[in-house]
Amino acid sequence: MIVSLGPPGRQAAVRRGGAAFRGRVSAERSQRGRRPARLLAVLLAWSFLSAAAAAPEGLPGSPVYSRAELVEEIGGTVEWRWRSVVHLELPQPDCERGAFRCRRDAVYGQLIGFSFRQEVEREPATGERGESAARGRLLIAADLDPEDALALEDALLSHLRALTAPDFARPFAGMAFPREPLSAEAFASSALPVWICRVTGDETVADILVFGERRNRFFSRPGPLAAEACGVMAEAVSEAAPRTIRTGRLARVVRRRDVTLEEGSSLEAAFWSDALAELPGAIAFGKREVGDRPTGSILDWKGRTLVAREGRYHGVERTLRAGPAALDLAGRPLWAARWRFETRLERFGAHPSADAVEVSSLLVAAVPIRDPLMDRETASRTPLWVPARELVDRAVRRIDSAAAPGPRQVLEALADPSLWPAAGDWLLVACREDGTARYAIAPAAPEVEVENAGEVCAAAEEVLAPAGR
């Protein structure tokens, strides 16, 4: 499951009540089946919404994107079976040779079986399979009057609705006699001894309740007696069609991806007629108007030299031939932005933790250069600018659709030709974590080698510094 938190600002009673129980739980199941996914989405969104409002710990800058990917989740499943009017031959508490030394064939009004399992589901990318752990079986045989049968039905349904994933860390998801809904009062009207069997692995324990006019008796029998009697009940209830009730899923491991952004600019109060960055001899750049006759796009490499043409947008065509070059950006007006990407695994439960598994960054700069189509008068009254907001928005949209967000989506946004308007031109620089840098002229992606990467990236860092103080 993926939750994306994008840019800031932008889940009738019948005999003994048996058929009524089956019908109501079936309806409940059909409703609950659609709830877990919506509930999980709401819980995850709520969990990470507050975190998206501030920069993640250890990441400077402002948050522009955050998402949580479900890696591991836990849930619980109850498989139940119900039969009405069942012949059972069970040991009896009142025998001449002693308690439970004789048997009697009797008709029980209700026979119920519950099987509990805890389920762990994992993201396929982890390489680990999901798992399912048995949490025991409960078997109940009783002969209640219709009113009490319906009351038991309601109590069981209420309890099953309230079960949550953590309950399945315990045997029987915490259900046991004499706790509600399996209290002695719930079975007081039974005309036959009530059998409640608890089966976990190879161990079986039977609790037997006998209600009389003068006194009530309670027996607890483990071992062979319980195994044999409960085996009879299990075989009889297995003839009923199973129904399944699932809890909502609970996140146990989440992969969180955070993106923050630091920006800086020295474009304020500057115009296109001011002293802008000069292009070295290794760069040949041209521009012409094409109106409503787009000329297409070309991108090719001649050795280490980039040859590009873009004439599909905004009525202009830009051509570029650029090889490895040293750039002089010192003191030149520019806009810079550092993107930081952090991926970490957050584990919840008894031993919570948050471990960073991947951290990367990219420093980019957009440097205004002279526009061959802008005359001096227009340049003198046109303020310098960079389509920064639109660039950030487009980068975030690409990040949101990427399986693994990183610098690549920022570079793709820079190379979107529809981003860059007809008026103005910009030298693009990308400083990498390995100390190298690449450049181009918009809308080409910055992929040409910068020979003086240290100096160029330092100029971009200098613009960011005031914002960081």
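This report covers the aromatic pairs and the disulfides of a predicted model.

**Aromatic pairs**

The structure contains nine aromatic pairs. One of them joins F100 and W195: the ring centres are 6.0 Å apart and the planes stand at 80 degrees, so the geometry is edge-to-face. Planes over 60 degrees apart count as edge-to-face. F100 sits in the loop between β2 (62-91) and β3 (103-122), while W195 belongs to strand β5 (residues 194-200), so this contact ties together parts 95 residues apart in sequence. F100 has 8% relative accessibility and counts as buried. W195 is buried too, at 0% relative accessibility.

W272 and W426 make another edge-to-face pair, with 5.7 Å centre to centre and 80 degrees between the planes. Here the sequence gap is 154 residues: W272 lies in the loop between β9 (250-265) and β10 (283-289), and W426 in strand β16 (residues 425-431), so the pair ties those parts together. W272 is buried at 5% relative accessibility. W426 is buried as well, with a relative accessible area of 0%.

Phenylalanines also group. F114, F116, F168 and F172 form one aromatic cluster.

**Disulfides**

The model holds three disulfides. A disulfide is a covalent bond between the sulfur atoms of two cysteines. Distances and torsions are tabulated here.

| Disulfide | S to S | Torsion about S-S | Hand |
|---|---|---|---|
| C95 – C102 | 1.9 Å | about -80 degrees | left-handed |
| C197 – C230 | 2.0 Å | -85 degrees | left-handed |
| C431 – C457 | 2.1 Å | -105 degrees | left-handed |

How are the bonded cysteines paired when numbered in sequence order? The pattern is 1-2, 3-4, 5-6.

Take the link between C95 and C102. C95 counts as buried at 16% relative accessibility. C102, at 27%, counts as partly exposed. Buried means under 20% relative accessible area, so C95 falls inside that limit.

The link of C197 and C230 connects distant parts of the chain. C197 is in strand β5 and C230 in helix α4 (residues 223-237), 33 residues apart. Both C197 and C230 are buried.

C431 is buried, with a relative accessible area of 7%. C457 is buried at 13% relative accessibility. Strand β16 also holds W426, the partner of W272.

How values were computed: Residues numbered from 1 in each chain as written. Predicted model: local features only at pLDDT ≥ 70, side-chain atom pairs only at ≥ 80, totals over all residues. Heavy atoms only, no water. Phe/Tyr/Trp six-rings, centres within 6.5 Å; stacked < 30°, edge-to-face > 60°. Helix = DSSP H or I, 4+ residues; strand = E, 2+ residues; numbered from the N terminus. Buried < 20%, exposed > 50% of the residue type's maximum accessible area, 1.4 Å probe, protein only. Disulfide = S-S within 2.5 Å.
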